[in-house]
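This report describes the fold, the core and the charged pairs of one protein model. The sequence and structure come first, and the description follows.

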Amino acid sequence: MTKSDLVSQNAEAPPGTVQDRLLDSALVCFRRMGGKRTRIEDIAAEAGLARTAVYRYYPNKRAIVAALATRWLAEDETRLADIARDHGRSPASRLQAFLLADAEAAWRYLADPCLVEVLDEVVENLKAILLQHRAHVRRHLAGLLAEGVAAGVFRPDPAEAMAQTIDDLMARFHDLRLAADLDKAIWRDRAVAAAETILRSIRSR
């Protein structure tokens, strides 16, 4: 199959399929060459597309970085939503698991230098993506807290306000730069201690 055949096939593929292939190809290129050295041409070649075809979906490399980060963060949000909705566990157990899973996402990225580089770009130039992510996380958290309040497990404060306060208190564990400064075991012990302190403070008296 020639490159022109690949381009023709991809032009007729559902947009999501091509976009996913481009993002996967970008990640391969970022790992091989680094984000700064990777060009649109490199991503297109890795995906088997013409350079001009890439621009149908992403106007520039920053848009690809934004889409990659959005995809990763959406995966985190799905994991957190599953924990929040696990009705086989008590609200308190789910809340602790939720807070630790949210915190531990930072270490998932630290384990891969390529992901760190991409998220550094997001922090510097695409902060709206991170703000939206935290808003989605707080929404899931508020739902879990509201359930705990209704069950009499948590004190009867407004769930949205509690979610914002808890998110602020756990913010230190969402920062890649701060996480990188500590040994993982020490960092996790501190995250566990923070989550347990929060649980004690919101339990119904």
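## Contacts and overall fold

Where residues of the protein chain at least 6 apart in sequence are in contact, 67% of those contacts join residues at least 24 apart, contact meaning heavy atoms within 4.5 Å. This is a predicted model, in which local features need pLDDT of at least 70 and side-chain atom pairs count only at pLDDT 80 or more, whereas totals for chains, interfaces and linings use all residues. Residues are numbered from 1 along each chain as its sequence is written, and side-chain values use heavy atoms, with hydrogens and water left out.

The protein chain has eleven helices and zero strands, where helices (H or I, at least four residues) and strands (E, at least two) are DSSP runs numbered from the N terminus. Along its principal axes, the C-alpha trace of the chain spans about 70 × 35 × 25 Å.

## Surface and burial

The accessible surface of the protein chain comes to about 10,700 Å², and 54% of it belongs to carbon and sulfur atoms; accessible areas come from the Shrake-Rupley method with a 1.4 Å probe, and for residues only the protein chains shown count as cover. Of the 205 residues, 43% count as buried, a term that means under 20% relative accessible area, with exposed meaning over 50% and partly exposed in between (1.4 Å probe, protein chains only).

## The nonpolar core

In soluble globular proteins, nonpolar side chains tend to be buried together. Here the largest nonpolar core has 68 residues, and those with the most contacts inside it are Leu22, Leu95, Phe98 and Leu145. Such a core is a set of buried Ala, Val, Leu, Ile, Met, Phe, Trp, Tyr and Cys residues joined through side-chain atoms within 4.5 Å. When residues up to four places away in sequence are not counted, Phe98 touches Leu80, Ile83, Ala84, Val137, His140, Leu141 and Leu144.

## Charges and salt bridges

The protein chain has 30 positive and 29 negative side chains, and the centres of the two sets lie 1 Å apart. Lys and Arg count as positive and Asp and Glu as negative, while His and the chain ends are not counted; the place of a charge is taken as NZ of Lys, CZ of Arg, CG of Asp or CD of Glu. A search of the whole structure finds 15 salt bridges, each being a side-chain nitrogen of Lys or Arg within 4 Å of a carboxyl oxygen of Asp or Glu.

The side chain of Arg71 meets that of Asp20 in a salt bridge at 3.9 Å, N to O. Because Arg71 lies in helix H5 (residues 61-84) and Asp20 in helix H2 (residues 15-33), this pair ties together parts that are 51 residues apart in sequence. Both partners are partly exposed, with a relative accessible area of 22% for Arg71 and 39% for Asp20.

Arg134 forms a salt bridge with Asp102, their closest N and O atoms being 2.7 Å apart. Arg134 belongs to helix H8 (residues 127-150) and Asp102 to helix H6 (residues 91-110), so the pair ties together parts that are 32 residues apart in sequence. Arg134 is buried at a relative accessible area of 14%, and Asp102 is also buried, at 8%.

Salt bridges that share partners join Glu75, Asp76, Arg79 and Arg108 into one network. Within this group, the side chains of Asp76 and Arg79 meet at 2.3 Å, N to O, and both residues lie in helix H5, three residues apart, about one turn of the helix. Asp76 counts as buried at 6% relative accessibility, whereas Arg79 is partly exposed, with a relative accessible area of 40%.
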